[in-house]
Structure formats: C-alpha cells, structure tokens
2 protein chains.
Amino acid sequence: MDGAGLDRNAELIARHAATLEAAIDAVRTRRAWSPYSDSPSTKIHGADKPPAGKTAFEARLGTTIDLNQPGPTGATVGEEVSPYTGQPLGIRYAVHDPDALVAGAMRAMTGWRDTDFELRIALCLEMAHRLYDRNFEMAHAVMHVAGQSYTQAFSGSGPNALDRGVEALAYAAKAMRDVAPTADYHRPFGAEQVALRKTYTLVPRGVGLVICCASFPTWNAYPAMFASLATGNPVIVKPHPIAVLPMAIVVETCRQVLADHGFDPNLVTLAVDTLAEPVAGRFVDHPDVQIIDFTGSPRYGGHLERTVTGKLLFTETAGVNTIVVDSVADLDAVARAIARSSSLFSAQMCTSPQTVYIAPDLFEPLSAAIVEQVDAIAADPAQAAGIMGAIQGQVSLDVVAETRRSVEGLESVRVLREAAPYPHPQFPDARTLTPLVIAIEGGDRHDLYAAERFGPVLFLVRRPADEAVMEATWLAKTRGSISSYLYSTDEDFIDRSTPAYEAAGANLSINLTGAMWINFAAAYSDYHVTGLNPAGNACLADLAFVASRFRIVQRRRPIA
Amino acid sequence: MDGAGLDRNAELIARHAATLEAAIDAVRTRRAWSPYSDSPSTKIHGADKPPAGKTAFEARLGTTIDLNQPGPTGATVGEEVSPYTGQPLGIRYAVHDPDALVAGAMRAMTGWRDTDFELRIALCLEMAHRLYDRNFEMAHAVMHVAGQSYTQAFSGSGPNALDRGVEALAYAAKAMRDVAPTADYHRPFGAEQVALRKTYTLVPRGVGLVICCASFPTWNAYPAMFASLATGNPVIVKPHPIAVLPMAIVVETCRQVLADHGFDPNLVTLAVDTLAEPVAGRFVDHPDVQIIDFTGSPRYGGHLERTVTGKLLFTETAGVNTIVVDSVADLDAVARAIARSSSLFSAQMCTSPQTVYIAPDLFEPLSAAIVEQVDAIAADPAQAAGIMGAIQGQVSLDVVAETRRSVEGLESVRVLREAAPYPHPQFPDARTLTPLVIAIEGGDRHDLYAAERFGPVLFLVRRPADEAVMEATWLAKTRGSISSYLYSTDEDFIDRSTPAYEAAGANLSINLTGAMWINFAAAYSDYHVTGLNPAGNACLADLAFVASRFRIVQRRRPIA
C-alpha cells in the first residue's frame, strides 16, 4: 500500500474510533446508546432522503442485479413477491458458482488476514455508516420482501440491526485486543538466562457463511457478517430466496466500501438460490467454509445443529415465547402491552409471545381487555399498518387457518377473536391478518401451543401462576424460548420464579408495560438468545460470539 | 451459609487474589511467571517433603481407592503397571454408575451455579495450591503410570501443569468479569422515558467431561477442569485406564477442598473403566453432559470431532511435528537442541519432533552430530534416566520395532542409530528405549513419516529448505502439528517461511538452542494448539477456551 493508502487507512480508523470506543463502553455498561437514530423523521434526516430512498428502491424493480462476483453462471433467479402489492418485484439476481464464490473468498482472505484488525473494524464501521445512509431505500426493500411496516423496517431492520452489528464489532475488538501482539520472555533455565521474543498472530478460520431468514434478514446478518469480517474471515451471504433484495443492498454496499479502500470486494459476496433448488448445503459442506451463522426455521437449523461437525456453527431458530400473568397493578396497561406485542409485525418476530398463562381470578377481565386492545389496533387502519404490517408468506395464513380449524369443537377451548385482514391504507392488496385469539380454560392442550405457530395466533391459558411458571419454563427448556414475560405484584412470587427461568435459559421481562414494545431487544444492553435451550446456540452478542472466529498462531525466537 | 462461612469465603478469595491478579497480568503481558517452583530442590521444599511424598505414593500400592462417590456398583477395576518396575501397582478403584455420577454432578450444580464466580475461582486456586503441596506424591504417581522421569514428573506434571490450570482460571475470570452483573437502562420511547433495571446472570452449560491421556494426564486436565469449574460446571474426570492414580489424587484433593468449604464434593468425580470395557461413550452421549474436553489419540479424538454435535468439544490429539534446518550458526548447539528434544520422555510428548528436514549441505555433519548427542545421553544412565524416563506402553516399543522393520532394505534410507534400552540406574526392570534415528536421503517417503509414530523415532530427511517448509507446513495443515521448529541464519528465508506456518496454524520456534527444552511450552506465555489443523481444536489457553463454557441469562424490569 502506498503512502496515500496508509494515510487514508489511518484516517478511516481515526474517523470511526469514537464510535468503536463508545460501543465498547456501551457493552460494558449495558446502557442505552446508539450512533444512529431509529426514527425516520425528516427533522433528523432532512426532507430529501425519504423520497430519494423510495425512488432508489423503485428503480430496482424489474431489473437484474449483478454484483460482478466470481463464477457467473449466466443464469438469474428471482422469486420475490411484495406482501404489500401481491406483485412480483421482478428483480433477477445473477447466479454465481458456489465453488467460485468460495475460491474468490479464499483468495481475498490472505490480504484481509494480514490487515491490521483495527482497520478491518473501521472498514466494517464504514459499511455500517453507508448502510445507515441508505436506510430509507433499505426500509422499502425490507417492507416489500418481509412485510414489515415502514416504520419497523426503518428502525428494526435499520439502526436497531446495525447496532447489533456494531455491538459484534465491539466484542471482536475486545477479544482481539486481548491478545498481546508480541512479548519478551525472560527466565532462568539452570544457570542460563533464556530470553525469547514471541509474536502472536491472529489467524482467521476460513470462509464465513451467513444464512439469513426471510422475515428479519438484516438483524442477525449484520452481527454475523461483522463478527466474521472483523476477525479476518471473508463472508458469503445466502439470503432466503424470497427475501434477497435487502441483503443484495448490504452486499453491494460492503463490496463498494472494500473496493473504495483498495480491498478485494470478494471478501463479501451474495449467493442466491430458489426455493426449489436450495444451495446452502453446497456451502455448508465446502471444506473452506469454516463458520456458519444461521437464522431461520428450527427444521433446517436443527438439521445443521445435528450434522455440522468440525466447523463453528451459530444458530438462532425459534421457540415458544410465553407470558405468565400472576397479578397486575394496572390491568389495562398489561393488556395493552400483551396486545401490542402480539400485534407487532403480526407476531412474525422471534420475540413475539404466543402463549399467555393467566391466573384464574384474572382470566376473564384480562382476556377481555387483551381482545379489546387488539380490536382497537385492528380497527384503526393507520395504526394497524404501522404495527402489524403485512403477512410475509401464505404459510402464515395457513398456520392461522389450520389453528382455527384444529380448535373447532374442543372442550374448554373458545375462540375469543377471529383472525381477519385489516384494510391497509396505502396498499389495498396487502396480505394482512389480525391476531386469532384462543382461550384455553381447562384440560391439557399442549398439542395446541407447545410448538411455534409462525403467524398471528395468541393462546390465552387459564392457569394458576406457579403451575404456569413450571410449564412456561419447561416449554422454554424443551422447545426453546427467546423472550419470556412475567407479570406479578408479588415479590415473593417473582423471586421464586426467576431461578426456573434462569435454569431454562429464558431471558425474562418482568412487569413491562408502557411505550417500549415489551419484545424490543436493545443492542449493547439486551442479550439475545442464551444458547441454553433449543431456540439457538448463539448469543447476540457476547465474547463467545466472536472469540472462536479467529485463532492465535505464535512464533518465538531468541532475542539477539 | 452462616456468618462464619461468609467470612471464610471472603478470606479465601482474599488469600488467592494476588495470585489471580498476577496470572491475569501474566496472560496479558505473556511474561514468564508462576506462583510455583518447578524445581524439586529441597532448598525450596525442605528436606521432609520428598520422602513424605514417596511414602504417600507407596502407601497407595495394593490398596483400593474409593472416593465415596454416588452410585457405587461394588465393583473395582485397576490395570496400572509401572513402566519402571514392570509390576502392577495393585491399586483397585471403586466403580461408580455413570448415570449416578452425572445425577450427582447435576444436583451439585445448582448450588455451584449460584456461588459467586470469584469464590469458585478461589476454590480452584485452593485446589491448585493443595495439589502443589502434594506434588512429591504426584511425581511418583505420574512416574509409575506414565513413565516420565522423576524430575519431569515433578515439574511438567506438577507446577507446569498447574500453571496451565491457573492460566485457564485467569481467562475464566476475564470472561466472566466482562459481563456486567446489572445495568440501569434509560431511553425515551416517544414521549415516555423508559427506565429499566437489568440483571445478567451467568449460567453454566452442564456437566463437563474431562477425558485424560495416559502419558501426560494432568497437563491438559487441569485447564479443562478449572475452566469448567470456574464457570459453574461440575466435572467428571475420566482418566485413561492405565493411568488413573494421578487423576485419582487430583479428584480426591478437589473433593476435599470442596467439602472443607461446605460445597458438594460431587462437583468433581472420577469415572474409571478398563481397556476392554471403555465407559467414555456413556458420558459423551448423556444429555446432561454438555462440555467434553478430550486429550488422547487422534483415533478417538477424531471420532468425537466427527460425531459430537450440540455440545462443546475441546480436543488435543496429535500431529507430526517437524524441524526444518536451513542453515546454522552453531551446528553443535542445533544438534544438541534436536537430540535433547527427541530424547525428552523418549518422544512421548505432543511437542516432540518426529521429522527433521536438513538442507543437503548440512545433512552429513548435522546428522552425525545429532546421533552423537543422542548417543551421549543414552550412554550416561543418570542423564538418560532424567531425560528419557521410561516407555509407558508396549505399544511404543512395537511402533519402534515396526518402523525399524519397515525401513529394512529401502533405497536411500539408512538407519543411523538403532533403538536400544538403556540401563536405568534405580529401576533395573524399567521399560526404556533410546531413539531410533533414520536417515532418508532421497525419494518420496511420506509413508514413513507423515503420520505420528508414538515413540522414540526420529527421521532425518535430506531436503532443500524451501521445499522442506512446503512439506512441513503441508503436513501440519493435513496431519496436524502442535510444535514446529525452524533453524536458519538467513532472515529472508525466515521471513518468507513464517506465513506458511501461520497459514497452517503451526506454532513455530525459530533458532532455539540452549538450556530450555525447545519443546517446552510455558503457560501464560506460549499458546498451545492453534485449532487450525488436525492436532486439536482447543487452545491452552485463550478466551475461546472459556467464553462458551457459561451462558448469560438476563431479566429486566421497570425501575420503581
């Protein structure tokens, strides 16, 4: 690298240093912090960016996206359909040979391995910065593949997701800075004073494969990508075939940053496939792929967990999130918190609650209040559009319909609220569905709620609270849980309940009501996934998420 | 715990605090440091301890050792035979039901999980302290199961091994201290100021299984045991059936420390078996066993690496360690370093070199000098006894004999030195063998030296140095290497060679001669095993060795 390149690299590190140090401080203190704003307000971003983002998104429609990667096959694929318009996006993505993508990544790795890790981190922070700059475009892209509402796509798939990526960079910096680059070693052996100079080199493992989910692609992808890149590993991003565009934008941006700074863009590539012919296995089995980050279905995630050996595997799949209500100080506030969290993105989030256990004396009034609150959201199309967004896939409509059929005529089971579309104010053809609410007032109905039902379904189960905690934590331990919730005014009950949640590896929110979505997980402050139950093995983010992505190779020689 | 217990715990933490902080400083600076002395000198330990240790060892012979663990089956096993006397030790070990040991460990885990991790670490430091105090007994135990010389058993299986354990404690402290126990979180959501108190609890994974090797049982066991115990996991130690006694002493000591401080001794138990009926698989497959630390053969280690999923697996197996000699400043010094490292414990160490590539112009003189140096050691029984010790198993004699037969009549292959026993000054029936030295001066003879031959066999291969580096690093990458060695006076050659070693994940010693054994690996300073080649996936010790052994479970609630 020439002198100008060195200056530019030093400048890049300096430019992002304050952000990195603040992120390191934030993960230490776990305080609220972000270098970004998660509001799309024009007061923050100016009047031009929102329409420019929309225009940039619309310019993508009907085009072919080719990122000029190694091994083009000449073929293109594209299966995205907007949940808001019901129309195909018409975007085709150039297909590249998996072996060629891996080979390109391996070629790029050598130079990347030898790059100062502080510079690698600064380049990742630059990628995050540019992605934040493109976030209005990203918001439309996420909306029209995942079905998130505009505001949620802007915040949850933008700054909130980038924060998880920056958080991973903070941990990567901590873990790598923990290794001394060199040391002098002096000790006597017999009569001789031995003096050695030792050098410790950080060496990446190999290619990192990032498999993204369809409903929230960026949120888990950023930390995985940045954790691998910062520690020296190239990354191949494999989006879900029905949600490619957001990750294509991400990969395009990362490649541009790399190229702009004189690095091989093939450190970050996009691998596309179709539902009929999935390609992930080709990468999973490739010997040069040494790290796999997976977000998605328990089916494929479980397959990876049962079969991948000799490689690093980080997973987030799904579970059965529960709420236990023992007692409440403010019934309406609790009902509102439950109704809103069940309505947010029509319960297509990994933190959405599915089963609410309610103490018998509260069952009637709280059930009624929850239904009333859901009805209130559903009845206000503007509010419903902002909260519920759209249903990403037909499969979730099927899940809800099948659930509705399966409870027909069951004893002690009542439908308190029928699922129904709401009319979206901007998109009359949007695939929408408000929550199905089912009361279970007796009997053992695990068959109904003890597995994830991916869609707007809420079970309200009448159950004494201590018994409910036992069942909720058993479900967490055996079926997985990412977020669990508890409401009680009885401190003794809370104290005796929390050990069970800890033992089940269930992150617990207690008595949360108010403006913050109870299922909001904040980077730098909230750990996401414990790794202690079937909901996944990876935590966003802790030292374990980064510390194994690089290894240490030493050499030593006598000091002259 | 009562007031006296609390005081005692605080005192224990305080008593070991300086050691822990010094260890943390040492792994940061990688300087030479140890809280122990690795010399058995009576000037350090006093005149009484050496004979008392010998007496304690001898009192074990012919007895039954029963550690009063859960699930005694009534049976006993014992297959240990001293490599020094050729006689069975006559020690029987009580057998305990594997399920009962796991159940006992799980019962013990709850209280251990809830114990302040600083106290857990202090208890581990107390265990190390007591083991150091029993180290003369340990030295005899290791001698008579593993065949190490008295001095090596004292140092390498004593303080040097305990140091690796304390090193793991330092990393465990760093990783756990990195997690804030609580945080207050304040941020606005809309018009509302949200204030949450968050609590982050460290939760262990489950039972840790520690499978020990026969030739150097304590060295890898201590870091594994302490890493798991410090992070809250109970430990079941499964020694090799022919090398049980050292680990029985370890487990006995750990259980005593636990009991003395009011903790459940079943946090550390011993599982014994026989060569004919191995029991490790029962533990490996048990769902409550969540961490496996394995040291031993590539065969079983590879089996674990290929089959274990959904659990943490740390392995150290073996590889082909190479020396490349390009050029030398002092031929005798290099010859001596090679001869000594090949003679140490008769090459039964994971860091022993097996294949020495020598540049053609140096081949004759260096080969001759190496043989001369080995001969000098072998010819001096006192020196041989201190360096070579004994051969642990008949299998190593077979390896050497088979190697000798296989080179008979091969073109360009010459036996430079025959393997032969040396007479041990104290133990006339000791199973000893001095190194077989074979010269390979032409042709492609990978079949001879490209796999580990576990015993005193040294191949000297005539090969130009650049070519030798290519082959040595290819062997490291494909067959594994724990320690690699390079000799050159040409800085350009060294500079162009080191990237190949880094890429192969091979730790490299350059131009090492003198009093320090070149295959000595110092805790706190030398990383051991990179995880980048087949010699194992675990590094002693780095953050990755500890960071995944615990998980983080959080809860959050509004600040009142």
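Mentor: Buried means under 20% relative accessible area, and we shall need that cut-off as we read this structure, which is a predicted model.

Trainee: Is B:Asp178 buried or exposed, and at what relative accessibility?

Mentor: B:Asp178 counts as buried because its relative accessibility is 17%, which falls under the 20% limit. A:Lys174 counts as buried too, again at 17% relative accessibility.

Trainee: With which residue does A:Lys174 form a salt bridge, and how far apart are the closest N and O atoms?

Mentor: A salt bridge joins a side-chain nitrogen of Lys or Arg to a carboxyl oxygen of Asp or Glu within 4 Å. Here A:Lys174 forms one with B:Asp178, and their closest N and O atoms are 2.5 Å apart. This pair crosses between chains, for A:Lys174 belongs to helix H8 of chain A, while B:Asp178 sits in the loop between helix H8 and strand E4 of chain B.

Trainee: How many salt bridges are found over all chains, and how many across the interface of chain A and chain B?

Mentor: The search of the whole structure gives 80, and 14 are found across the interface of chain A and chain B. One further pair to look at is A:Asp526 with B:Arg556, whose side chains meet in a salt bridge at 2.8 Å, N to O.

Trainee: Which parts of chain B does the salt bridge of B:Arg282 and B:Asp99 tie together?

Mentor: The side chains of these two residues, B:Arg282 and B:Asp99, meet at 3.8 Å, N to O. Because B:Arg282 lies in helix H11 and B:Asp99 in helix H4 of chain B, the pair ties together parts that are 183 residues apart in sequence. B:Arg282 is partly exposed at 44% relative accessibility, and B:Asp99 is partly exposed at 39%.

Trainee: How many residues of each chain are in contact, and what area is buried between chain A and chain B?

Mentor: In this model 79 residues of chain A are in contact with 79 residues of chain B. The area buried between the two chains is about 6300 Å², and carbon and sulfur atoms give 52% of that area. On the side of chain A, the residues A:Glu502, A:Arg551 and A:Arg556 supply 12% of the area it buries against chain B, more than any other three residues.

Trainee: In which sense do strand E18 of chain A and strand E17 of chain B pair?

Mentor: Strand E18 (residues 550–558) of chain A pairs with strand E17 (residues 508–510) of chain B in the parallel sense, over 2 bridges. In this pairing A:Arg556 stands opposite B:Ser509.

Conventions:
Residues numbered from 1 in each chain as written. Chains lettered and ligands numbered in written order. Predicted model: local features only at pLDDT ≥ 70, side-chain atom pairs only at ≥ 80, totals over all residues. Heavy atoms only, no water. Helix = DSSP H or I, 4+ residues; strand = E, 2+ residues; numbered from the N terminus. Buried < 20%, exposed > 50% of the residue type's maximum accessible area, 1.4 Å probe, protein only. Contact = heavy atoms within 4.5 Å. Buried area = accessible area lost by both parts, 1.4 Å probe. Pairing = 2+ DSSP bridges.
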